[in-house]
Amino acid sequence: MNTRVKLTITLDGTILSRAKTVADQKHIPLSRLIENFLQFLVNPHVYCFKCGERFDSSNSKICLKCGWIICPKCGACGCGLSEETIAAVYHMRRVYEDLLAGKVKRE
Ligand SMILES: [Zn+2]
Ligand SMILES: [Zn+2]
């Protein structure tokens with residue numbers, strides 16, 4: 001098992017107390033939420049927009065043409081999609097990238 005270490009952080013008191021309420025409702029310890037997020041930050045996983053396969057972005061390829069991560073299962077990327085679909089996926093991915101403070105994977 002991994003070594004457990006103690007983390008001391010300072011953050012907005014209002015956010016923390018609200019987060020504790022939500023965490024309590026979900027029966028998830030705050031430490032696990034932070035750990036999950038940090039794990040996600042280090043190695044974000046994504047779901048293929050086409051086949052739904054979940055895969056780690058860190059060990060997947062990027063399409064040189066469209067700059068999207070290529071699904072290792074079905075090989076889908078942004079190529080050949082309509083403008084509307086590209087816009088829809090792009091805007092959903094923004095939530096992700098807001099959370100990660102940057103792109104899911106750099107080209
Ligand atoms: Zn796929
Ligand atoms: Zn492509």
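Visitor: How far apart do the C-alpha centres of domain 1 and domain 2 lie?
Guide: They lie 26 Å apart. The protein is split into domain 1 (11-42) and domain 2 (44-107), with bounds from an automatic or database domain assignment. This is a predicted model, where local features need pLDDT of at least 70, side-chain atom pairs count only at pLDDT 80 or more, and totals for chains, interfaces and linings use all residues. Residues are numbered from 1 along each chain as its sequence is written, ligands are numbered from 1 in the order in which they are written, and side-chain values use heavy atoms, with hydrogens and water left out.

Visitor: How many residues are in contact between the two domains?
Guide: Four residues of domain 1 are in contact with five of domain 2 (contact means heavy atoms within 4.5 Å).

Visitor: Which residues of domain 1 lose the most area there?
Guide: Phe-37, Phe-40 and Leu-41, together 90% of what that side buries.

Visitor: Switching topic, what holds the zinc ion (ligand 1)?
Guide: Its protein donors are Cys-48, Cys-51, Cys-71 and Cys-74, each through SG, 2.3 to 2.4 Å away. Donors here are N, O and S atoms within 2.8 Å of the metal (3.2 Å for Na, K and Ca). Along the chain they follow C-x2-C-x19-C-x2-C.

Visitor: Which residues are the donors of ligand 2, then?
Guide: For that zinc ion they're Cys-63, Cys-66, Cys-77 and Cys-79, again by SG, at 2.2 to 2.4 Å. Their spacing is C-x2-C-x10-C-x1-C.

Visitor: Why is the arrangement around ligand 2 tetrahedral?
Guide: Because the four donor atoms subtend angles of 103 to 118°, and four donors count as tetrahedral if all angles lie between 85 and 135 degrees.

Visitor: What about the angles at ligand 1?
Guide: Those are 105 to 113°, and that site is tetrahedral too.

Terms used:
Buried area = accessible area lost by both parts, 1.4 Å probe. Tetrahedral: all angles 85-135°; square planar, octahedral: opposite > 155°, others 65-115°.
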